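This report concerns selected local features of a protein structure.

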Amino acid sequence: MHSNHLQGELLYTGKTKQVFSYDNPELIVIHYKDDALAYNGIKRAQITNKGVINNKISANIYQRLEALGFNTHFVKMLNDREQLCKRKVHLIQIEFIVRNIAAGSMAKRLGLKIGTQLKTPVYELCYKNDELGDPIINAHHAVALGLSTYEELDEVHEIVKRLNKELINIFNGIGVTLVDAKFEFGRTADGTLVLSDEISPDTTRLWDTATLESLDRDRFRKDLGKISEAYTEIFNRLTDN
Ligand code: C5P
C-alpha cells in the first residue's frame, strides 16, 4: 500500500502534533510540529527542528518499551517528522504523571525545594481539559466524572509503575536522571490498552546526572536557551547506546 499520508485526511490538529488518517483505518499518522508551548499555552514559540528530534526520540523510546513487552500505539517511524501509530477508538482523558524528584507544579504546590529526592515515586492524575488548565484530580474524581473506572485506573497504575522503573533504567544508562514524566493511554478497536502520545523532553523532566542541567522543556519554560541542543543531546545519547 501507498504510505504517503498526504493522501490521508487531517483528523486532528493538536498543540504540538497533527494526526492524519492512513490507508489502513486501524492506523494513523502522527506528524510532529516545531511548536513549543508552556504554562497551558500562554507561552509559545517555534523551535527549529524540535518536531524532528522529538519524533526520533519518542520512536527510540517506544521501540525500547515495545521490546520490554509494553503495549503501545507505536508501529514505526515513517520519516523525519512522522510516525505510524495504532488508532485509538478511545483516549482516556487523564494525564498520568509520575515523579521521582520534586520539580515543577509539585515543588510549587507543596513548597518543596526543586531537586528534593522523593521517598517514594508520586503518582498524580490530571484531568485533560485545556480550559481548566489540566487540573490535578484523584481516582474518585476520575470515576465520578466518567473518565475511567477503578479497574482501569488500577491497570494503568501498574503499567505506569513499570514504565517509571524501565525509563529510569534507560535514562540512567545515558547519564540522565528521570525527574518526572507524563503518560497517556487509550484503547484500540480490539479493546487493548495502549500507551499513547509522545515520550520526549517535552513530556518528561530529564536532568544531566553529572551537572543537574535540564535537558527538557524546562529550558523553554524558564528561558534557559539551547533548547534544540539539549533535545539533540538526549537523542544522541539514546542512539549511542
Ligand atoms: O508541570 P508539572 O510539574 O505538573 O509537570 C510534570 C511532568 O508532566 C513534566 O515532565 C511535564 O513536562 C509533564 N507534563 C506534560 N504535559 C502537561 C503537563 C505536564 O507533558 N500538560
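The model is predicted. It holds zero disulfides. Among the cysteines, Cys85 is buried, with a relative accessible area of 0%, and Cys126 counts as buried at 8%.

| Residue | Relative accessible area |
|---|---|
| Cys85 | 0% |
| Cys126 | 8% |
| Asn54 | 1% |

Asn54 belongs to helix H1 (residues 50-67) and is buried. Its side chain forms a polar contact of 3.4 Å with the side chain of Glu198. Apart from neighbours within four places in sequence, Asn54 contacts Tyr32, Glu198, Ser200, Pro201, Asp202 and Tyr231.

Asp134 is placed in the loop between strand E10 (117-127) and strand E11 (136-137). Although buried, Asp134 has no salt bridge. The nearest side chain of opposite charge, that of Lys15, is 5.0 Å away, and a salt bridge requires a distance within 4 Å. A polar atom of the Asp134 side chain does, however, lie 2.9 Å from the backbone nitrogen of Asn129. Residues up to four places away in sequence being set aside, Asp134 touches Glu95, Cys126, Tyr127, Lys128 and Asn129; of these, Cys126 is buried.

Helix H4 comprises 23 residues (residues 150-172). At 1.5 Å a residue, H4 should span 33 Å, and its end C-alpha atoms are 33 Å apart, so the two values agree. Buried residues in H4 include Glu152, Asn164, Leu153, Val156, Ile159 and Phe171.

Note on methods
Residues numbered from 1 in each chain as written. Predicted model: local features only at pLDDT ≥ 70, side-chain atom pairs only at ≥ 80, totals over all residues. Heavy atoms only, no water. Disulfide = S-S within 2.5 Å. Buried < 20%, exposed > 50% of the residue type's maximum accessible area, 1.4 Å probe, protein only. Helix = DSSP H or I, 4+ residues; strand = E, 2+ residues; numbered from the N terminus. Lys, Arg positive; Asp, Glu negative; His and termini not counted. Polar contact = N/O pair within 3.5 Å; in protein donor to acceptor, adjacent residues only side chain to side chain. Contact = heavy atoms within 4.5 Å. Expected span 1.5 Å × (residues − 1).
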